[in-house]
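This report is for a reader who is meeting the structure for the first time. Please look over the sequence and the model below before reading on.

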Amino acid sequence: MGSAEGDDDQRPPHPVYVDEFLISVGPITNAEYARFVRETDARPPAIYDLPLVVAAGGRERERVFRSTGDPYVWPDGEPPAARANHPVTLVRWDDAVAYCAWLSSATGRPVRLPTEAEWEKAARGGVDGRRYPWGDRIDRSMANFLSDPALKGAHGTTACRTHPSNAYGLSDMIGNVWEWVHDWYAPGYYSTSPPDNPQGPPAGQLRVLRGGSWLVADVRRLSCAYRHKVPPDTYSYGIGFRVVCGVR
């Protein structure tokens, strides 16, 4: 886990053991999230109170956030028809956790967000020590990311499973949407984390996102080891999640 080539918070690379687990093949889709919204009266994805990362940026950042996010807003509480099989977005960490609680009740199995360690294990697809799930090279045929920042206005999420899966059969581990994980963020956590089933720090100010998104142009941020940190109230049109549960 981690990388000697990455940012300081990705170091040191270290061996980690995680118990066997099941993980969703792709990010949770709008269609899957819609059942949760209908059955629980949870708030549908939309633009509500501005997250700290947007509010701190002034009126121009708010304008861009609202205009770029508009196609991802659910009109009348239903997902946009053309995006039913796209990853759900505009969800906070708390929303993802609530979805897990609902799915646990619906299935009778304990469903939750993956830990950082579980997420990275899944993303690597059994290929340790490489930047990406398939090796050290990346291009737009492999993942949905922003190859040219000038094209941001014409870009967006793609349907799940559009791009090739990794060796574990998992899609969109890199690109399309950032994915919430369980852990709080601490920059030096890897120096002190336990080798077995690390759960992240017990508390913190920032939550961790993994995997990169359609908005990412810097391919270093698409690596399996990259750790993105944001305030827990964050939500955007480039953030979604997937879920895990234990093996019976």
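## Contacts of F241

In this predicted model, F241 touches P27, I28, Y33, V88, V91, A96, Y99, L113, W178, E179 and W180, a list that leaves out residues up to four places away in sequence.

## The nonpolar cores

F241 is also one of the residues with the most contacts inside the largest nonpolar core, a set of 49 residues in which Y33, Y99, W180 and V243 are named alongside F241. Two or more residues of this core come from each of β1 (21–23), α1 (30–40), α4, α5 (116–124), β3 (178–184), β4 (207–210) and β7 (244–246), and α4 gives the most, with six residues.

Apart from this core lies another one, made of eight residues, among them V54, F65, W214 and Y237.

## The enclosed helix α5

Eight of the nine residues of α5 are buried, so this helix is largely enclosed by the rest of the structure. The buried residues are E116, A117, E118, W119, E120, A122, A123 and R124, and they pack against β1, β2 (111–112), β3, β4 and β7. After α5 comes G125, whose phi is positive, near 60°.

## The loop position D76

D76 is placed in the loop between α3 (58–69) and α4 (93–107), and D76 counts as exposed because its relative accessibility is 79%. Although D76 and P44 are 32 residues apart in sequence, their C-alpha atoms are 8.8 Å apart in space.

Definitions and conventions
Residues are numbered from 1 along each chain as its sequence is written. This is a predicted model: local features need pLDDT of at least 70, side-chain atom pairs count only at pLDDT 80 or more; totals for chains, interfaces and linings use all residues. Side-chain values use heavy atoms; hydrogens and water are left out. Helices (H or I, at least four residues) and strands (E, at least two) are DSSP runs, numbered from the N terminus. Buried means under 20% relative accessible area, exposed over 50%, partly exposed in between (1.4 Å probe, protein chains only). A nonpolar core is a set of buried Ala, Val, Leu, Ile, Met, Phe, Trp, Tyr and Cys residues joined through side-chain atoms within 4.5 Å. Contact means heavy atoms within 4.5 Å.
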